[in-house]
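Open the model in your viewer and keep the selection tool at hand.

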Amino acid sequence: MNYFNNLFIFEMANNHNGDVEHGLKIIRRMYDVCKKYNFKFAFKFQYRDIDTFIHPDYRNRTDVKYVKRFQETRLSETHQALLKEEVMRLGFISICTPFDEIAVDLIEKHNFDIIKIASCSFTDWPLLEKIAKTDKPIIASTAGASIEDIDKVVSFFEHRDKQFCIMHCVGEYPTGRNNLQLNQIDLLKNRYANIQIGYSTHESPDNLDAIKIAIAKGARVFERHVGLKTEKYAINGYSSTPEQISAWLDVAQEAYEMCGVAGERLEGSEKERTDLRGLQRGVFAKHGIKKGERIVIENSFLAIPNIEMQITANDMSKYTEFIANKDIEINQPVMRTDVTITNLRGRVLQIVNKISHLLMESKVVLPDKLEMEISHHYGIDMFDEWGAVIINCINREYCKKLIILLPGQKHPIHHHKMKEETFHVLYGDLAVNLDGEERNCKAGEMVIVEREMKHSFSSALGAIFEEISTTHYKDDSFYNDSNVLNNKNRKTFLTFWSDWLLKPVS
């Protein structure tokens with residue numbers, strides 16, 4: 001059973017005042033309070049073998065605070081068992097804190113569900129060794145412990161495969177608002193990511209803020225001292241009455257509701273989606289768009305209001321291709337039914353990973369954030385056969401590009417009217433056709449391509465080569481095949497990130 005999620009622990013401690021009937025009243029009153037909440041609830045007791053826990057010379061001393069208190073509130077084993085049985089009868093999870101090894105034996109004899117380690121015993125190694133030998137889940141409070149000590153105790157229980165939870169706790173009774181140190185919950189959660197973190201409270205019962213903050217920070221196990229104020233018995237400043245526990249649980253429940261979904265992304269409400277959709281810009285035809293034309297920023301405009309089923313600006317990712325399947329008139333909305341939609345992201349990432357792999361093999365080093373073009377002359381689906389990746393390094397009076405061909409890839413015949421270029425092969429094999437004459441090149445070789453010279457290139461095993469040229473001008477590439485020339489969507493533009501060479505892109 002996973003005890004350590006939304007578990008609220010009521011700590012009896014010595015609030016039974018050595019009076020078993022008073023202890024039973026506390027348990028029953030808290031049971032009545034818990035009925036309306038959908039949390040897990042536990043009652044916790046404290047066991048000490050008083051006869052050995054207190055030095056013989058001090059057993060009858062009334063001037064030592066704790067000796068006096070423990071002696072005055074001492075319960076017989078019969079009464080301890082009676083309280084535990086009542087807890088089980090009412091459906092509480094049973095927890096007990098031992099302060100010595102004999103108390104651990106009694107906890108096992110009484111068959112408690114969980115053992116709690118008090119902050120004062122957090123590094124009581126003989127006691128921890130004894131507790132670790134039981135089969136009980138463990139909750140440990142960390143008040144006063146150094147981070148090194150917490151590391152040691154966590155390691156101790158991890159090595160023994162114990163199911164355990166650690167709790168932020170401040171050992172001041174009651175703890176002032178200015179010393180609740182709730183950020184320690186963050187520290188514990190970050191440092192011990194695989195361990196459930198809880199919050200053991202010692203603040204004034206009137207403080208209803210701390211539980212809300214603790215829940216918001218991710219604590220999932222909570223402990224609070226409880227008691228009953230009667231004519232015979234008073235209650236201390238950090239123990240809560242049933243009425244105060246009810247108020248505490250009310251705000252805890254409210255905090256859970258306010259924090260909402262955890263561990264997964266919220267899908268959002270229909271109202272939220274409708275409201276946001278109303279603020280999104282719709283896509284409209286800037287001029288008449290012909291059937292077969294790609295919808296791009298240049299031939300459309302973005303404006304509100306949009307209508308249902310209209311393409312919006314939020315859909316216009318560079319990875320998504322919209323091709324008109326009918327003529328769309330000027331100023332008309334571009335509807336989903338008017339276009340064929342193709343998501344290119346998966347294909348683009350596949351290409352990026354292939355060229356990254358080739359770059360890593362070649363050991364060619366590139367700076368970060370360069371402009372990159374995926375040229376797919378006959379469509380991205382045929383990229384593996386016809387295409388190239390072009391990384392634009394610089395374009396001034398001179399120009400340098402890095403051109404990457406995957407194995408088996410070809411680049412169709414074309415020429416440039418304004419620029420002259422030189423290919424310098426850096427890696428792999430490159431076949432260059434210049435005005436019909438084929439030349440096979442390997443790494444280190446260079447080829448000059450003069451203006452107006454028709455040329456194409458391909459690679460059997462993959463190639464990377466530099467293209468060094470005069471200034472590159474847009475629309476200065478003229479392809480023999482009119483299908484390529486008329487394909488206005490033959491390039492996908494990206495930014496090259498150097499960390500692509502360190503890990504797969506997804």
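Is Asp 63 buried or exposed? Select Asp 63: its relative accessible area is 55%, and the cut-off for exposed is over 50%, so Asp 63 counts as exposed. Bear in mind that this is a predicted model.

Stop 1: Arg 61 is partly exposed, at 32% relative accessibility.

**Stop 2: helix H7.** Show residues 147-159. Pick Asp 149 and Lys 152, whose side chains meet in a salt bridge at 4.0 Å, N to O. About one helical turn separates them, because they sit 3 residues apart in H7. Asp 149 is partly exposed at 23% relative accessible area. Lys 152 is also partly exposed, at 48%.

**Stop 3: helix H11.** Move to residues 270-279. Here Lys 271 and Asp 275 are 4 residues apart, about one turn of the helix. Their side chains make a salt bridge of 2.8 Å, N to O. Lys 271 is exposed, with 59% relative accessibility, whereas Asp 275 is partly exposed, with 41%.

**Stop 4: a network.** Now select Glu 11, Lys 44, Lys 116 and Glu 223. Salt bridges with shared partners join these four into one network. Across the whole structure, a search finds 34 salt bridges.

**Stop 5: the largest pocket.** Turn on a surface. The largest pocket has a volume of about 1,500 Å³. Its lining has 50 residues, and those closest to the centre are Lys 474, Lys 488, Arg 490, Lys 491 and Phe 493. Colour the strands next. Those that each supply at least two lining residues include E15 (388-395), E16 (398-405), E18 (421-434) and E24 (491-496). Colour by class, and the lining splits into 18 nonpolar, 14 polar and 18 charged residues.

**Stop 6: the second largest pocket.** This one holds about 750 Å³ of space. Of its 31 lining residues, Gln 46, Arg 48, Tyr 66, Phe 99 and Tyr 173 are the closest to the centre. Which elements each supply at least two residues of this lining? They are strand E2 (40-47), helix H3 (65-72) and strand E8 (221-226). H3 gives the most, with 4 residues. By class, this lining has 11 nonpolar, 12 polar and 8 charged residues.

How values were computed: Residues numbered from 1 in each chain as written. Predicted model: local features only at pLDDT ≥ 70, side-chain atom pairs only at ≥ 80, totals over all residues. Heavy atoms only, no water. 1 Å grid on protein atoms, 1.4 Å probe; cavity = no way out; pocket = protein on both sides within 12 Å on 5 of 7 lines; lining within 4 Å. Points joined across faces, edges and corners; volume = space filled by probe spheres on them. Nonpolar A, V, L, I, M, F, W, Y, C, P; charged D, E, K, R; others polar. Buried < 20%, exposed > 50% of the residue type's maximum accessible area, 1.4 Å probe, protein only.
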